[in-house]
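Dear colleague,

Please find the structure below, handed over for your files. My notes on it follow, beginning with a question that may be of use when you open the coordinates.

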Amino acid sequence: MDIQLMVTQALKESLGQATNHNIALVIEKPKNSAFGDYAIPCFTWAKAFKRSPQEIAQQIASSIHHPLFAKVHAVGPYVNVFLDRKRISQELLNQIVLQKGDYGSNNDGENRNVPIDLSGPNIAKPFSMGHLRSTVIGNAIANLAAKNGYRPIRINHLGDWGTQFGKLIVAYLKWGDEEKVRQQPIAELLRLYVKFHEEAEKHPELNEEGRRTFKKLEDGDQQTRELWSWFREESLKEFFRIYHLLDVSFDYLHGEAFYNDKMDEVMEMLTEKGLIEESEGALVVKLDEVDLPPCLIQKSDGATIYATRDLATALYRKRNFDFSRSLYVVGSEQTLHFKQIKQVLRKAGFDWANDMVHIPFGMMLQNGKKMSTRKGRVILLEEVLNQVVDLAYQIINQKNPALENKHEVAKQVGIGAVIFQDLKNFRTNDVDFSFEQMLNFDGETGPYLQYTHARCHSLLRKAGNFVPKTGHSLDEEEAWPIISLLSQFGEVTKQAWEDYDPSKIARYALNLARAFNSYYVKVRILGSEDREARLHLVFSVATVIEECLRILGIKSPKSM
Ligand code: ARG
């Protein structure tokens, strides 16, 4: 239930033919509550009706009858509308306690499949800030899909295939150290990769050896295959430490290698449809008709590439998941790539290519510069995350030294801070990574929301682990901004999903927390006559903030 929507709907019904104006645009919210919850100015209709605005206001006021409204009357050229707050608040509070975490959900998706391509780090390379953003944004969008009745399928499209693996294998066989790979796989593999390129400067024939080795890998040669799969496993172990910290999981780890045996089909299909052309020894699909550069499908040495594998991926996902839409949460630097993929598929006659959506995002900056997770040869991301958790621990330890599970809470707060900082603004904005900002308990932060949620639970605990029953209502002025916000949650989850925009949830949660905190300083809760109803409001705020945080991928400790 969204009060604002219900009011415009009720007014539309009551006014009937009187006006075809867009009521939502006309309605005002009076600053002074003596003039009601809503006011309709009648000036605009004077001309059409050839009557004075005052007369029109009288007429409209007498024609509005709706159970939502306690009182409707004309004051000069305005119609003032007073909501039946008792009735509305009761219905809302009932809904929240009956539905709990399901409050704000809908079944629009009818359980249809939505594959979501997220994270996609590259084997033997550091997990970058871009991959972190993709993981965090993609996970929140997957949660929004589920909240709107879709079935999200989280797919990690690992970068685990390509000529670079031929080079890496050559480098390992020449200069590698098994023990080091086991201890610090990514650092060691990165070292080998860098060394390969240095050596190849001096001995260009190494490149040829790399290509030959990748060819062996593609053809299933046992030794190369074993090394590749070992590198992959060791890298995944490192990546999963990060996924563990973030508490993100995947339905499929189908990386690029998974499509190796599905490439011939793509080549045949494109050839059959007459889409392939030769260009300087390579094979391309020309996309002049939409003003895009040609999509490279096969290199002059016969190897397929990233784009070819994404074509195979799209076909596979359509076939296996029969998706209603297929999402790709990948940085904005790949916008052209996804445009090309979609256009090639359209040209091949696949209308469903229109249901593929690239969801781009901006960069992670630190002090205005692109933030890198590769410093020398050390992997930084895990370190950075652990650093945030340590800082969170120090703050919590200071604020509440007696807290029981401080380490667990510090992890939830620290990781929550990183995630919220990423999600609080529209995703195409760059994010400024700042420890100080993200951990400010009074700022627009994850910890601020978690703290507000914990404050609610502390009240509920003090009230003897209060769990509300149905039937409470609350018509006090101070509670009204909260009631009104709570009523909007369902609309917000819809909008956030339609726009693939988790920041709508983040912003909404901040507004709700602010409204609650100003209520909390103004209104006495535990020792009041209205205790039960007010506690019910507290319970509702806690429930909805927790649900917002869950959607964003953030935990809500009950005390901190
Ligand atoms: N591995 C890629 C990269 O690091 C991201 C993969 C994105 N997904 C896809 N289907 N292309 O840039």
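Is Asp247 buried, partly exposed or exposed, and how many other C-beta atoms lie within 10 Å? The model is a predicted one, and in it Asp247 has 14 other C-beta atoms within 10 Å, so it counts as partly exposed. This residue belongs to the loop between α11 (222-246) and α12 (263-272). Most residues other than glycine have a negative phi.

A second residue of this kind is Ser119, which is not a glycine and yet has a positive phi of about 75°. Ser119 sits in the loop between β4 (113-117) and α6 (129-147). With 29 C-beta neighbours inside 10 Å, Ser119 is classed as buried, because the threshold for that class is 20 or more.

Overall architecture

The protein chain has 560 residues, of which buried residues make up 41%. Its secondary structure comes to 22 helices and 15 strands, and the C-alpha trace spans about 90 × 65 × 40 Å along its principal axes. Of the contacts between residues at least 6 apart in sequence, 73% join residues at least 24 apart. The domain assignment gives domain 1 (3-83), domain 2 (162-243) and domain 3 (380-552). Between the C-alpha centres of domain 2 and domain 3 the distance is 45 Å.

Ligand surroundings

Around the ligand are Asp117, Gly120, Asn122, His157, Gly159, Asp310, Thr313, Tyr328 and Val330. Sorted by class, this shell holds two nonpolar, five polar and two charged residues.

Annotated regions

An unreviewed UniProt entry places a short sequence motif, the 'HIGH' region, at residues 121-131. Over residues 121-131 the model shows 27% helix and 0% strand, with the end C-alpha atoms 6 Å apart. The UniProt record, again an unreviewed entry, also lists a "DALR anticodon binding" domain at residues 449-560. Over residues 449-560 the chain is 66% helix and 0% strand, and the end C-alpha atoms are 12 Å apart.

In soluble globular proteins, nonpolar side chains tend to be buried together. Here the largest nonpolar core has 107 residues, and those with the most contacts inside it are Ile141, Ala509 and Leu552. Helix α22 (residues 531-552) supplies the largest share of this core, 13 residues. Domain 1 (3-83) and domain 3 (380-552) each contribute at least three residues to the core. Leaving aside residues up to four places away in sequence, Leu552 touches Ala140, Ile419, Phe420, Leu423, Pro502, Ile505 and Ala506. Another core, of 21 residues, lies apart from the largest one and includes Leu158, Ile169, Leu189 and Phe231.

A further position

Gly162 lies in the loop between β5 (151-155) and α7 (163-175). Gly162 and Asp219 are 57 residues apart along the chain, and their C-alpha atoms are separated by 13 Å.

With kind regards

Terms used:
Residues numbered from 1 in each chain as written. Predicted model: local features only at pLDDT ≥ 70, side-chain atom pairs only at ≥ 80, totals over all residues. Near = placed C-beta within 6 Å. Nonpolar A, V, L, I, M, F, W, Y, C, P; charged D, E, K, R; others polar. Domains from an automatic or database assignment. UniProt positions renumbered as here; feature names shortened; annotations may be inferred. Helix = DSSP H or I, 4+ residues; strand = E, 2+ residues; numbered from the N terminus. Buried ≥ 20, exposed ≤ 12 C-beta atoms within 10 Å, placed from the backbone. Core = buried A, V, L, I, M, F, W, Y, C linked by C-beta atoms within 7 Å. Contact = placed C-beta atoms within 7 Å.
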